2 protein chains.
Amino acid sequence: MTQNDLDSIIKALSNPARRDILAWLKSPEIEFPEQCSNYEHGVCVGQIFEKAGLSQSTVSSHLANLQRAGLVSSKRQGQWVYYQRNEECIAEFADYLKQTL
Amino acid sequence: MTQNDLDSIIKALSNPARRDILAWLKSPEIEFPEQCSNYEHGVCVGQIFEKAGLSQSTVSSHLANLQRAGLVSSKRQGQWVYYQRNEECIAEFADYLKQTL
DNA sequence: TTTGCATATCGAGATATATCGATATAAGTT
DNA sequence: AACTTATATCGATATATCTCGATATGCAAA
């Protein structure tokens with residue numbers, strides 16, 4: 001974990017909307033019951049948008065931010081783009097912080 | 001740990017200068033060998049200021065920020081104010097994050 | 001009480017972040 | 001091809017953060 005990785009992750013987490021999104025993605029079935037498709041690759045942007053109470057562009061921007069930090073990954077399926085947590089990165093970050101903070 | 005606590009802690013940690021200071025305070029004897037007094041209550045502002053490469057007022061502001069977040073505590077001894085890590089708060093935060101992130 | 005040192009606070013300017021609406025892109029539908 | 005839906009990008013504005021120098025405050029020494 002480089003200082004740059006750490007920096008982008010902490011900055012990503014420093015925004016409450018992004019923390020909310022990351023938390024919601026822990027339980028997609030519970031947090032996004034409206035979604036028609038399965039949760040194999042996570043939750044699509046529209047679902048998150050509806051729940052977030054922010055504009056579509058803002059939500060998209062937050063998701064891009066989380067992805068740049070490595071905290072989530074995305075997969076396009078037709079018109080939709082699904083986002084899911086990158087548990088490996090998240091765990092590594094939490095461990096690193098517990099170790100070094 | 002309330003959402004407010006979490007928010008102020010993460011925001012405090014989102015700045016690299018503040019992360020540096022917090023890291024330095026882990027090993028005062030090594031990082032601040034210049035300090036004349038003992039490290040009982042931590043390190044005084046002037047020492048941190050000299051190491052940080054930032055203005056005195058900026059360093060003071062960063063320390064106040066860390067303290068508001070609960071990550072450090074301060075004790076005045078005569079003219080000097082000593083800052084030290086609040087290990088309890090730091091550990092609680094790291095655990096909370098590992099649990100809930 | 002005046003002077004000097006250590007730290008905190010204030011006000012201003014610069015940079016970063018959050019947010020939105022408008023629009024572009026990508027894919028599916030008719 | 002034209003139209004609709006889903007998402008991303010762009011440009012603008014508002015707010016927050018970082019940083020500084022100047023100054024205030026707290027304390028100690030002369």
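Helices (H or I, at least four residues) and strands (E, at least two) are DSSP runs, numbered from the N terminus. The views below come from a predicted model, in which local features need pLDDT of at least 70, side-chain atom pairs count only at pLDDT 80 or more, and totals for chains, interfaces and linings use all residues. Residues are numbered from 1 along each chain as its sequence is written, chains are lettered from A and ligands numbered from 1 in the order in which they are written, and side-chain values use heavy atoms, with hydrogens and water left out.

**View 1. D5(A) in helix α1 of chain A.** Helix α1 of chain A, residues 3–13, contains D5(A). The relative accessible area of D5(A) is 37%, so this residue is classed as partly exposed (buried means under 20% relative accessible area, exposed over 50%, partly exposed in between, with a 1.4 Å probe and protein chains only). From C-alpha to C-alpha, D5(A) and P28(A) are 26 Å apart in space, and 23 residues separate them in sequence.

**View 2. Helix α2 of chain A and its cap.** Helix α2 of chain A spans residues 16–24, and its buried residues include R18(A), R19(A), I21(A), L22(A) and W24(A). The N-terminal end of α2(A) is capped by N15(A), a side-chain oxygen of which lies 2.9 Å from the backbone nitrogen of A17(A). R18(A) is buried but forms no salt bridge, and D7(B), the nearest side chain of opposite charge, is 9.9 Å away. A salt bridge is a side-chain nitrogen of Lys or Arg within 4 Å of a carboxyl oxygen of Asp or Glu; in assigning charge, Lys and Arg count as positive and Asp and Glu as negative, while His and the chain ends are not counted.

**View 3. The surroundings of DNA strand C.** A residue is near a strand if one of its heavy atoms lies within 4 Å of it. DNA strand C is surrounded by 21 residues, of which N15(A), S55(A), H62(A), G46(B) and S57(B) are the closest. Of the atoms of DNA strand C that come within 4 Å of the protein, 62% belong to sugar and phosphate. A polar contact is a pair of N or O atoms within 3.5 Å; within protein, one must be able to donate a hydrogen and the other to accept it, and residues adjacent in sequence count only if both atoms are side-chain atoms. A side-chain N or O atom of N15(A) is 2.8 Å from a phosphate oxygen of DNA strand C.

**View 4. R18(B) beside DNA strand D.** R18(B) is placed in helix α2 of chain B, residues 16–24. An N or O atom in the side chain of R18(B) is 3.2 Å from a phosphate oxygen of DNA strand D, and a polar side-chain atom of R18(B) lies 2.8 Å from the backbone oxygen of A12(B). Apart from neighbours within four places in sequence, R18(B) is in contact (heavy atoms within 4.5 Å) with K11(B), A12(B), H62(B), N65(B) and L66(B).

**View 5. Base and phosphate of DNA strand D.** A base oxygen of DNA strand D is 2.9 Å from a polar side-chain atom of S57(B), whereas T58(B) places a polar side-chain atom 2.9 Å from a phosphate oxygen of DNA strand D.
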